[in-house]
6 protein chains.
Amino acid sequence: MRLLLANPNATERVTKACADLARAVALPGTEIEEWTNRAGPALIDSYNADAAAARSLVAALGALTPVPDSVVLAGFGDYGTRAVKETLAVPVIALAEAALAYAVAVCDRFAIVTTSARMIAYTEDLVERLGFAPRCRAVRAVELPPIAAGEPPADEIVPTIAEVATATGADLVILGGSRLSPYAAALRGSISLTVVEPVACAVTLAESLVRIGVRRRRA
Amino acid sequence: MRLLLANPNATERVTKACADLARAVALPGTEIEEWTNRAGPALIDSYNADAAAARSLVAALGALTPVPDSVVLAGFGDYGTRAVKETLAVPVIALAEAALAYAVAVCDRFAIVTTSARMIAYTEDLVERLGFAPRCRAVRAVELPPIAAGEPPADEIVPTIAEVATATGADLVILGGSRLSPYAAALRGSISLTVVEPVACAVTLAESLVRIGVRRRRA
Amino acid sequence: MRLLLANPNATERVTKACADLARAVALPGTEIEEWTNRAGPALIDSYNADAAAARSLVAALGALTPVPDSVVLAGFGDYGTRAVKETLAVPVIALAEAALAYAVAVCDRFAIVTTSARMIAYTEDLVERLGFAPRCRAVRAVELPPIAAGEPPADEIVPTIAEVATATGADLVILGGSRLSPYAAALRGSISLTVVEPVACAVTLAESLVRIGVRRRRA
Amino acid sequence: MRLLLANPNATERVTKACADLARAVALPGTEIEEWTNRAGPALIDSYNADAAAARSLVAALGALTPVPDSVVLAGFGDYGTRAVKETLAVPVIALAEAALAYAVAVCDRFAIVTTSARMIAYTEDLVERLGFAPRCRAVRAVELPPIAAGEPPADEIVPTIAEVATATGADLVILGGSRLSPYAAALRGSISLTVVEPVACAVTLAESLVRIGVRRRRA
Amino acid sequence: MRLLLANPNATERVTKACADLARAVALPGTEIEEWTNRAGPALIDSYNADAAAARSLVAALGALTPVPDSVVLAGFGDYGTRAVKETLAVPVIALAEAALAYAVAVCDRFAIVTTSARMIAYTEDLVERLGFAPRCRAVRAVELPPIAAGEPPADEIVPTIAEVATATGADLVILGGSRLSPYAAALRGSISLTVVEPVACAVTLAESLVRIGVRRRRA
Amino acid sequence: MRLLLANPNATERVTKACADLARAVALPGTEIEEWTNRAGPALIDSYNADAAAARSLVAALGALTPVPDSVVLAGFGDYGTRAVKETLAVPVIALAEAALAYAVAVCDRFAIVTTSARMIAYTEDLVERLGFAPRCRAVRAVELPPIAAGEPPADEIVPTIAEVATATGADLVILGGSRLSPYAAALRGSISLTVVEPVACAVTLAESLVRIGVRRRRA
């Protein structure tokens with residue numbers, strides 16, 4: 001099956017990193033195609049960036065020929081998610097919905113670590129809207145450098161994520177931002193909480209919906 | 001991977017039917033093992049039956065050697081679900097949690113069709129507890145014959161399911177009971193709503209959690 | 001004060017009609033400026049249209065020089081609302097938030113009439129997200145002709161709105177769509193419910209925030 | 001238009017202070033009439049005081065001749081609010097409903113500072129009931145001296161309010177008590193959060209409802 | 001123990017009827033004292049009547065010497081309930097809180113029958129505020145004659161209550177108004193639902209709190 | 001009346017201690033019969049233990065001849081509670097539902113102290129499901145020794161409970177575990193909060209339902 005990994009932001013480096021994570025979990029028969037929202041913002045870390053990303057994302061994904069078998073929207077937020085779902089009959093999965101559904105299946109209480117303090121309220125609202133607030137212990141932030149500065153080495157950022165997550169008292173942590181996803185493997189080695197990396201969740205959820213033949217019907 | 005399909009009720013016929021559905025969607029490398037809760041009730045259609053099922057279910061699943069790679073609990077309810085999750089570190093997935101998570105990913109509003117009028121309140125409470133009540137248009141029931149009477153032919157029951165589901169105004173229907181799952185294919189042919197069959201959802205969700213290496217950590 | 005009435009859709013006729021409603025209630029010192037999102041969709045009646053509207057809306061409003069004293073977003077939905085709020089420090093008010101706040105101040109239970117059946121779930125979700133679900137009796141739809149066909153005469157559509165709203169049992173009805181706003185006056189004459197026309201609510205709320213000097217601070 | 005500023009407590013000094021705030025924001029054509037609930041308690045800072053205030057408040061406001069064009073209830077609580085609304089067809093606005101609606105229009109997360117520790121649970125319940133709990137970061141208290149002791153100078157109380165509000169992590173603070181309202185101007189100068197003063201919100205909301213002709217219909 | 005049955009309305013006939021119901025269930029050692037809120041309204045069937053009842057109710061109950069061992073507020077609503085609770089350290093129980101707690105202990109879904117159509121929204125709000133909305137199937141009304149007209153004979157009103165309650169699909173019905181309480185016995189004979197009569201619930205709950213020595217501590 | 005105090009765990013010492021508490025509050029005419037779920041786990045402090053307890057609990061209670069007039073389930077959790085309710089028409093009361101209903105009748109905010117850190121999420125979920133989350137200030141834990149080690153002396157554990165409960169800021173504390181119930185009397189002497197001991201609540205609630213003749217009807 002053809003699964004399009006669509007990065008809603010314009011940074012190819014992030015697309016590449018997410019696609020690597022996607023390929024590492026995808027089924028043998030799944031071809032991961034990469035797509036970067038070059039007309040979008042370099043990073044999606046605000047409502048403003050959501051709006052800047054949505055139109056070209058929806059338009060491009062709605063115009064794909066042939067239509068892929070499923071789409072993963074590789075951002076942890078809401079940047080036109082339901083619009084893409086509405087446009088395509090094939091399964092469209094965003095990181096947050098997959099990560100939250102997977103998390104509650106294996107935890108008592110989850111925490112989310114996001115990428116900047118100002119995304120805390122944003123992320124709490126997202127969790128509330130998806131119905132998972134009673135299971136959320138806390139949303140916390142680490143501060144990543146600006147996107148143009150590149151990604152910090154794991155040994156710099158992972159201890160901070162580990163510390164922040166452990167302090168919440170949750171038994172599971174979700175990495176709430178596509179820039180954090182590549183640190184999942186290193187984090188697993190340094191923390192006693194279950195670590196949920198959303199790209200892997202979304203890819204496998206999209207594959208599953210294709211395999212079982214569930215598609216959207218227009219209301 | 002070894003996936004145990006555990007039927008919380010004692011009726012082998014239901015186990016068999018669910019295992020067939022499981023095998024039809026499972027990955028080539030997934031071996032579906034069947035397990036029937038012979039010490040449980042013939043059918044789980046009440047809180048009482050939940051209680052009658054839970055102990056032997058949890059005890060048997062907790063004592064499996066070797067431990068399977070994941071477990072699907074093939075009942076649409078709550079018959080010791082969190083106890084099995086607590087007992088095993090491997091992914092344990094119940095039908096309802098998987099079906100609801102898959103449903104909201106591809107619908108605006110879902111309906112659930114359950115197997116008897118007295119399961120309506122039960123099922124509404126389940127949806128509320130899992131956080132999906134705002135997306136639920138209605139829970140409705142068809143009446144199946146007693147379990148000992150066997151399963152009605154599709155052309156008898158499917159039109160009723162179709163009618164009941166369509167009348168809700170939802171764009172997706174979940175078959176809320178393992179006895180209803182085998183009718184999914186026939187129902188798809190006679191209804192314009194998306195049809196969600198929970199066994200397929202749970203099997204693929206369990207496989208996914210194994211593939212991405214997410215396991216429960218004890219709090 | 002300068003209040004920008006920003007129509008998120010591309011149809012000047014709608015902008016014009018809303019601006020007329022705005023001017024009819026605005027304070028003497030309020031200058032209503034019109035802006036139409038010409039790069040947006042002709043009509044916003046889907047998540048897809050939300051996404052198509054948001055980017056140019058946010059970009060244009062964020063680039064205004066000089067910045068107006070406040071902005072009214074003249075669509076009954078969520079087409080980048082929080083992004084515009086985030087971009088500008090001046091008050092930015094969308095129709096739904098104003099109409100709902102005004103409604104609950106003067107009613108026991110409100111109903112919303114929207115412009116097509118497929119906007120019912122969308123509108124229910126909006127009400128839930130804004131916190132007003134317990135006061136909402138029902139969301140109902142009338143069917144307007146396609147935007148290109150123009151607006152139906154009042155004596156054709158108003159009786160339908162009246163009938164649909166009255167049947168809900170609510171004591172107040174909100175016109176949930178900018179195309180419906182111009183019918184408010186005629187509807188008031190033919191219904192015993194309180195009629196809330198959202199453009200008037202949003203304009204006066206925006207003026208009020210300016211008058212009392214409340215502006216957004218960045219977190 | 002004639003707007004009655006009705007102080008539910010019996011302290012003329014508070015009425016006066018609130019009326020000053022009201023006049024400072026009212027429209028040129030709005031005549032602010034003052035009314036003090038002399039048969040009420042000196043201060044409303046408990047459920048008991050709510051009950052002591054309500055009857056004479058409702059009776060007096062229901063008997064006004066001529067009926068004013070709108071009424072602002074100048075207390076931050078629930079001292080017969082819905083009864084006054086039920087009694088009069090003209091808009092009746094209480095401080096909390098206006099302040100909360102205005103706050104969420106311009107903030108991510110609000111905090112409320114109230115006037116004594118025992119009003120914290122009271123105020124949380126009020127926020128919950130009005131539907132705004134998910135946007136509330138915290139309710140905190142400063143301790144004012146007894147009402148008979150007069151009001152503390154701004155340079156004594158404002159730094160405490162500022163400190164308490166800032167510590168919540170909210171981006172907006174609501175002054176949750178009519179005795180706190182007069183400190184709004186001083187507070188704005190010493191805090192980076194948006195400051196919402198409820199009397200100004202309620203007065204402008206009441207004026208707006210009158211201007212747009214929205215009145216209550218009896219169910 | 002001395003239990004004060006306090007009727008928040010001014011109609012002695014209602015007090016008498018409720019006191020009879022109270023005595024029929026009270027413990028041998030419980031002395032039921034009657035108190036009628038003569039300074040209150042003849043009937044409490046609106047927010048306005050709540051406000052009219054509260055002050056004298058709270059003042060009188062707060063001034064009782066000696067203080068009774070517990071108080072039952074014999075109205076199905078919120079007419080200063082929390083104020084009386086705040087005033088007295090002894091247990092104070094209102095009809096609705098007792099009836100709802102008792103109902104959910106023995107039902108799947110309850111319905112409430114109230115005494116006039118305009119009390120439906122009021123009662124729904126009460127149920128929501130007390131946390132029982134997910135278990136409530138419906139609030140419905142019968143129409144009683146004006147209080148001055150006396151009470152209708154059972155064979156006139158009971159069939160209507162039975163019909164209205166049965167149609168909801170609930171398995172339990174709460175009589176949501178003190179004027180309805182005397183019909184409980186007759187209703188039990190003509191309906192298959194469990195019938196909950198709130199005076200009996202509140203009296204026994206108040207007695208229980210006294211017996212186990214639980215009193216309010218001031219915060 | 002005959003009230004069966006059913007201990008869902010297998011430890012006679014706990015049954016005995018709860019029966020003593022029950023007898024201390026029961027009415028003269030109430031005969032407290034003890035029953036220990038010998039086929040259950042020694043202690044119920046996990047979902048697993050819930051499942052281990054439920055079947056024999058439900059089976060034994062459903063087979064009682066003659067049926068007692070009511071049943072109190074003496075565990076603070078959900079170990080087949082609704083199943084026992086469904087099985088018997090007589091009132092069946094679990095500790096948590098009674099304690100929470102009694103608590104909110106006399107407090108502003110309650111706290112729960114439970115018996116181990118891992119029961120915190122469990123107990124929060126229970127409170128949420130029963131509808132009382134908005135009134136809950138916090139769930140906290142003390143750590144009791146293993147059940148086999150016996151119960152610690154009051155002067156060892158009571159100061160810890162007192163400290164933990166007081167730090168929450170609640171005005172009432174519920175002892176959330178049957179092993180904690182016997183410390184209620186000592187705790188009352190050393191804390192300014194109201195102390196709610198659940199066995200006493202459940203016994204009196206069960207008695208009350210019997211006295212007023214409210215029984216479950218099958219749906």
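A polar contact is a pair of N or O atoms within 3.5 Å; within protein, one must be able to donate a hydrogen and the other to accept it, and residues adjacent in sequence count only if both atoms are side-chain atoms. With that term in hand, I turn to the structure. It is a predicted model, in which local features need pLDDT of at least 70 and side-chain atom pairs count only at pLDDT 80 or more, while totals for chains, interfaces and linings use all residues. Residues are numbered from 1 along each chain as its sequence is written, chains are lettered from A in the order in which they are written, and side-chain values use heavy atoms, without hydrogens and water.

I begin with chains D and A. Five residues of chain D are in contact with six residues of chain A, where contact means heavy atoms within 4.5 Å. Between these chains about 390 Å² is buried, and carbon and sulfur atoms give 38% of that area. Buried area is the accessible area (1.4 Å probe) that two parts lose on being put together, summed over both. Across this interface there are four residue pairs in polar contact, both residues being at pLDDT 80 or more. The side of chain D that touches chain A has one nonpolar, no polar and four charged residues. In this classification Ala, Val, Leu, Ile, Met, Phe, Trp, Tyr, Cys and Pro are nonpolar, Asp, Glu, Lys and Arg are charged, and the others, Gly among them, are polar.

How many salt bridges cross the interface of chain D and chain A? There are three, a salt bridge being a side-chain nitrogen of Lys or Arg within 4 Å of a carboxyl oxygen of Asp or Glu. One of them joins Glu124(A) and Arg137(D), at 3.0 Å from N to O. Side chains of opposite charge can pair when their charged atoms come close.

Next, chains B and A. Here 40 residues of chain B are in contact with 40 residues of chain A. The buried area is about 3,200 Å², with 53% from carbon and sulfur atoms. On the chain B side, Arg211(B), Ile212(B) and Arg217(B) lose the most area to chain A, together 20% of what that side buries. Six salt bridges are counted between the two chains; among them is Asp108(A) with Arg216(B), whose closest N and O atoms are 3.2 Å apart. The rule for polar contacts finds 21 residue pairs here. The largest share of the side of chain B that touches chain A comes from H8(B), with eight residues. Helices (H or I, at least four residues) and strands (E, at least two) are DSSP runs, numbered from the N terminus.

Salt bridges also occur within single chains. In chain F, Lys85(F) and Glu97(F) meet at 2.8 Å, N to O. This pair links helix H3 to helix H4 (residues 95-106), 12 residues apart. Lys85(F) is buried at 9% relative accessibility, and Glu97(F) is buried at 15%. The term buried means under 20% relative accessible area, exposed over 50%, and partly exposed in between (1.4 Å probe, protein chains only). Over all chains, the whole structure has 96 salt bridges.

Finally, the cysteines. The structure holds zero disulfides over all chains, a disulfide being a pair of cysteine sulfur atoms within 2.5 Å.
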